[in-house]
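Thanks for coming. I have one chain to go through today, so please look at it on the screen.

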Amino acid sequence: MNLFSRQPKIIDAANDPLAVGIAIKILRWQAQASKRMNRLAGNYSLRRQAWILALILVVLAGAMVTSLILQPSKSAPGTSVSYISHHIGEASNGKPPGEDTVVKTDSLTHRK
């Protein structure tokens with residue numbers, strides 16, 4: 001397998017009209033959205049624009065702080081002790097290794 005030695009594909013716009021159509025629609029939508037936002041923001045004074053930006057930043061910062069405070073965690077917040085999960089190193093069936101009750105057989109040990 002030569003995964004790393006392959007040459008990258010050259011995309012030809014003439015061979016992929018669907019991708020070209022999708023890209024044109026996305027660019028048109030972006031241009032329309034930016035025109036609408038510029039028109040809305042242009043109606044406000046610079047002072048009001050600054051207040052709106054500050055309000056947006058305060059709301060985003062509040063949401064981030066709230067998500068940090070309210071996230072469910074098993075360890076107490078603010079402690080510097082690193083906790084190791086109990087499941088690491090344990091068998092998936094809950095028994096320690098070496099205590100299997102099922103006798104394992106294969107084609108060499110199985111007798112008829």
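By buried I mean under 20% relative accessible area, by exposed over 50%, and by partly exposed anything in between, with a 1.4 Å probe and protein chains only. On that scale, buried residues are 1% of the chain's 112 residues.

A note on the source: this is a predicted model, where local features need pLDDT of at least 70, side-chain atom pairs count only at pLDDT 80 or more, and totals for chains, interfaces and linings use all residues. Numbering runs from 1 along each chain as its sequence is written, and side-chain values use heavy atoms, without hydrogens or water.

The chain has two helices and zero strands; these are DSSP runs, helices being H or I with at least four residues and strands E with at least two, numbered from the N terminus.

Helix α1 covers residues 17–42 and includes Ala-41. Why is Ala-41 classed as partly exposed? Because its relative accessibility is 32%. From Ala-41 to Ile-52 there are eleven residues in sequence, and the C-alpha to C-alpha distance is 9.8 Å.

Helix α2 spans residues 46–70, with Ile-56 in it. Ile-56 counts as partly exposed because its relative accessible area is 46%.
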